[in-house]
Amino acid sequence: MAETTTASSPLQLRGGGSLRGSVQVPGDKSISHRALLFGAIAEGTTRIEGLLPAEDPLSTAACLRAMGVTVSEIRAGEPVTVQGVGLDGLQEPANVLDCGNSGTTMRLMLGLLAGRAGRHFVLTGDGSLRGRPMRRVGAPLAAMGAVIHGRKDGNFAPLAVLGQPLQGTTIETPVASAQVKSAILLAALTAEGPTTVIEPAQSRDHSERMLRAFGADLTVGGAGNTVVTLTPGQTLRGQSVVVPGDISSAAFWLVAGAITPGAALTVENVGLNPSRTGILEVLEQMGANITVINARDVAGEPVGDLQVSHGPLRAFEIGGDLIPRLVDEIPVLAVAACCAEGTSRIRDAEELRVKETDRLAVMARQLGAMGARIEEFEDGMTITGITELRGATVDSETDHRVAMSLAVAAGIAAGASQLHRPEAAAVSYPGFWDDLARLRQPAP
């Protein structure tokens, strides 16, 4: 069970015991960002239910407010309203726009602001975000006529955006990235002529689904839905958006339920968008006991409840086109691999090195401290199970997904663990430690 924590004290996590009950995870972070952004540039009011009240979406809301958009106070359990200012209504802010720790906020803002002709914007963030690469967005936007300046030839924030008239074009992205694709589509809304994005594999498609719902002229085609074309000229209209639970947050409970002896959990109201359900495919490959019940469709997004219980697991191999569909779940899958028979292999995951932290290095380092047998490579890792983890002093290294993955590992470890900087979990799941305490069943 988790005990009280503050920003300056480590969290004590006891090993042993089990997990039982039902849990609702916070609203999907990706959909929350997009609902705020698209609502801001629509005509009329957008009402958002289930928006994630965590630090990253709060950063997006704060940036929008600084540009004259009225966003109601964001409180857990209450709907949020956005008074849209239209495609050209964003005002030049009086100060620097602070994106906090949110790479999604910064990258999507670059696309949103690049075409605001005659207006000037400066984007920054915390120390972690200022060290994360942005040229992957800036380069394709420059092909449309965007002017973005920053450190290291525009690769690192602070970034200055000098709004320009943009030209639609065809852009082939070197990696499948929903953030890059979404930034291009946001810029395309005010460009002259259509813009086509061609990805090497399909990344999550929340932007495409939501832009169509708001009235954009957008088509998806190509093998594997990898070609997206947006034709400007349509007025976006405010919508009612219901945000489903974030499958990336549900992943911690799915893995915890699968690896914790005696566990039986139901994770309710989880978004099951096919571009995000790679985690379910891998857990199925491992033989995990997971069942989807109450499947339904909510506001264009498939949703269901997930039941998971403990059972034996076998090793997995993942790479290629699957990686973009579960990139955020790899840290907790590394924990699952410690409990699986055989050697699990993760490849083609170099994207993890430029997340909130270098997640490949951090998970190898922290799980290694608990006795995991991990070998790290440039684009992935191998994890040899079955390994009995032991309690240890570990550190989130300020990464929310690392913090929660280590909590899952600590629950099955022999002995107690101390987790430093557990407050990082609040970036995407503010109530995680409370939910863990509620679901935890003490050892007999």
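Trainee: How many residues does the largest nonpolar core have, and which have the most contacts inside it?
Mentor: This is a predicted model. Its largest nonpolar core has 77 residues, and those with the most contacts inside it are Trp253, Ile318, Leu367, Met370, Phe432 and Trp433. Helix H8, residues 247-259, supplies the largest share of this core, 10 residues. Apart from it lies another core of 63 residues, among them Met106, Leu108, Val137 and Leu211.

Trainee: Why is Trp253 called buried?
Mentor: Buried means under 20% relative accessible area. Trp253 has a relative accessible area of 1%, so Trp253 is buried. Tyr429 also counts as buried, because its relative accessibility is 1%.

Trainee: What makes Trp253 and Tyr429 an aromatic pair, and what kind of pair is it?
Mentor: Ring centres must lie within 6.5 Å, and planes over 60 degrees apart count as edge-to-face. For Trp253 and Tyr429 the values are 6.4 Å centre to centre and 80° between the planes, and the pair is edge-to-face. The structure holds 6 aromatic pairs.

Trainee: Which parts does the pair of Trp253 and Tyr429 tie together?
Mentor: Trp253 lies in helix H8, and Tyr429 lies in the loop between S24 and helix H13 (432-439), so the pair ties together parts that are 176 residues apart in sequence.

Trainee: What kind of aromatic pair do Phe432 and Trp433 form?
Mentor: Over 60 degrees between the planes counts as edge-to-face. Phe432 and Trp433 have 80° between the planes and 4.9 Å centre to centre, and this pair is edge-to-face. Both Phe432 and Trp433 are buried. One aromatic cluster is formed by Phe252, Trp253, Tyr429, Phe432 and Trp433.

Trainee: Is Ile259 buried or exposed?
Mentor: The cut-off for buried is under 20% relative accessible area. Ile259 has 5%, so Ile259 is buried. This residue is found in helix H8.

Trainee: Which residues does Ile259 touch, not counting residues up to four places away in sequence?
Mentor: Ile259 touches His310, Leu313, Val335, Ala336, Cys339, Val408 and Ile412. Ile259 and Cys338 are 79 residues apart in sequence, and their C-alpha atoms are 9.3 Å apart in space.

Trainee: What is Met370 in contact with, leaving aside its neighbours within four places in sequence?
Mentor: Met370 is in contact with Glu388, Leu389, Arg390, Ala392, Val394, Leu406, Ala409, Ala410, Ala413 and Ser417.

Trainee: Where do the side chains point along strand S24?
Mentor: In S24, residues 417-420, the side chains alternate.

Trainee: In what sense, parallel or antiparallel, do S23 and S24 pair?
Mentor: Two strands pair if there are at least two bridges between them. Strand S23 (residues 393-395) and S24 have 3 bridges and pair in the parallel sense. Val394 has Leu419 as its bridge partner in S24. S24 also pairs with strand S1 (residues 11-13), over 3 bridges in the antiparallel sense. There the bridge partner of Gln12 is Gln418.

Trainee: What do S23, helix H12 and S24 make?
Mentor: With helix H12 (residues 400-411), the strands S23 and S24 make a right-handed β-α-β unit.

Trainee: Why do S10 and S12 stand at the edges of their sheet?
Mentor: The sheet is open, with 4 strands in the order S10-S11-S13-S12 and mixed pairing. Strand S10 (170-172) and strand S12 (217-221) each have a single partner strand, so one side of each is left without a neighbour in the sheet. The twist averages 15° from one strand to the next.

Conventions
Residues numbered from 1 in each chain as written. Predicted model: local features only at pLDDT ≥ 70, side-chain atom pairs only at ≥ 80, totals over all residues. Heavy atoms only, no water. Core = buried A, V, L, I, M, F, W, Y, C linked by side-chain atoms within 4.5 Å. Buried < 20%, exposed > 50% of the residue type's maximum accessible area, 1.4 Å probe, protein only. Helix = DSSP H or I, 4+ residues; strand = E, 2+ residues; numbered from the N terminus. Contact = heavy atoms within 4.5 Å. Right-handed = clockwise from strand over helix to strand, strands pointing away. Axes fitted to C-alpha atoms, helices over the stretch in contact; angles between N-to-C directions. Phe/Tyr/Trp six-rings, centres within 6.5 Å; stacked < 30°, edge-to-face > 60°.
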